[in-house]
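This briefing is meant for someone meeting the structure for the first time.

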Amino acid sequence: MTTPRNSQPFLSLHTAVVLLVAFVIGVVMGTLAVLADAPVAGAVAVGLTSAGTAVPVLCKLIR
């Protein structure tokens with residue numbers, strides 16, 4: 001299997017870093033919600049919401 005020499009990456013470095021940091025923020029917030037005795041479904045909702053709202057902010061902050 002050979003790869004083309006001029007192939008574009010699937011994600012740019014900027015996109016990969018933004019999504020990785022948003023994922024970490026979501027996991028941390030979900031874990032904190034579980035530790036605060038929130039139900040698991042609520043913690044998942046907190047994690048998804050915080051990760052989703054972090055993406056646009058991180059897009060503007062990370063350049």
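In this predicted model, helix α1 passes helix α2 in a right-handed crossing. The two helices, α1 and α2 (residues 40–61), pack at an angle of about 150°, and their axes are 7 Å apart. Because angles over 145 degrees count as roughly antiparallel, α1 and α2 are described as roughly antiparallel to each other.

**How the helix pair is described**

- Two packed helices are described by the angle between their axes together with the distance between those axes.
- For α1 and α2 these two values are about 150° and 7 Å, and the handedness of the crossing, in which α1 passes α2, is right-handed.

**Residues of α1 and their distances to other positions**

- G26, which is found in helix α1, counts as buried because its relative accessibility is 9%, and buried means under 20%.
- The C-alpha atoms of G26 and V44 are separated by 8.6 Å, although the two residues are 18 residues apart along the chain.
- I25, also placed in helix α1, counts as partly exposed at 30% relative accessibility.
- Between I25 and S50 there are 6.9 Å in space, C-alpha to C-alpha, while in sequence the two are 25 residues apart.
- L19 is another residue found in helix α1, and with a relative accessible area of 43% L19 is partly exposed.
- From L19 to S50 the separation of the C-alpha atoms is 12 Å, and these two residues are 31 residues apart along the chain.

**The nonpolar surface patch**

- Which residues make the nonpolar surface patch of about 830 Å²? The patch is made by L20, F23, V24, V27, V28, M29, L32, L35 and V46.
- Helix α1 (residues 13–35) contributes the largest share of this nonpolar patch, namely 8 residues.
- F23, one of the residues that make the patch, lies in helix α1 and is exposed, since its relative accessible area is 56% and the cut-off for exposed is over 50%.

**The loop between the helices**

- D37 has its place in the loop between α1 and α2, and at 72% relative accessibility D37 counts as exposed.
- Most residues other than glycine have a negative phi.
- D37, however, has a positive phi of about 65° although it is not a glycine.

Conventions: Residues are numbered from 1 along each chain as its sequence is written. This is a predicted model: local features need pLDDT of at least 70, side-chain atom pairs count only at pLDDT 80 or more; totals for chains, interfaces and linings use all residues. Side-chain values use heavy atoms; hydrogens and water are left out. Patches are made of residues with over 30% relative accessible area and no salt bridge: like charges are joined within 9 Å, nonpolar side chains (Val, Leu, Ile, Met, Phe, Trp, Tyr) within 5 Å. Accessible areas come from the Shrake-Rupley method with a 1.4 Å probe; for residues, only the protein chains shown count as cover. A salt bridge is a side-chain nitrogen of Lys or Arg within 4 Å of a carboxyl oxygen of Asp or Glu. Helices (H or I, at least four residues) and strands (E, at least two) are DSSP runs, numbered from the N terminus. Buried means under 20% relative accessible area, exposed over 50%, partly exposed in between (1.4 Å probe, protein chains only). Axes are lines fitted to C-alpha atoms, for helices over the stretch in contact, and angles run from 0 to 180 degrees between N-to-C directions. Angles under 35 degrees count as roughly parallel, over 145 as roughly antiparallel, 65 to 115 as roughly perpendicular and the rest as oblique. A crossing is left-handed if the near helix is turned anticlockwise from the far one by less than a right angle, and right-handed if clockwise.
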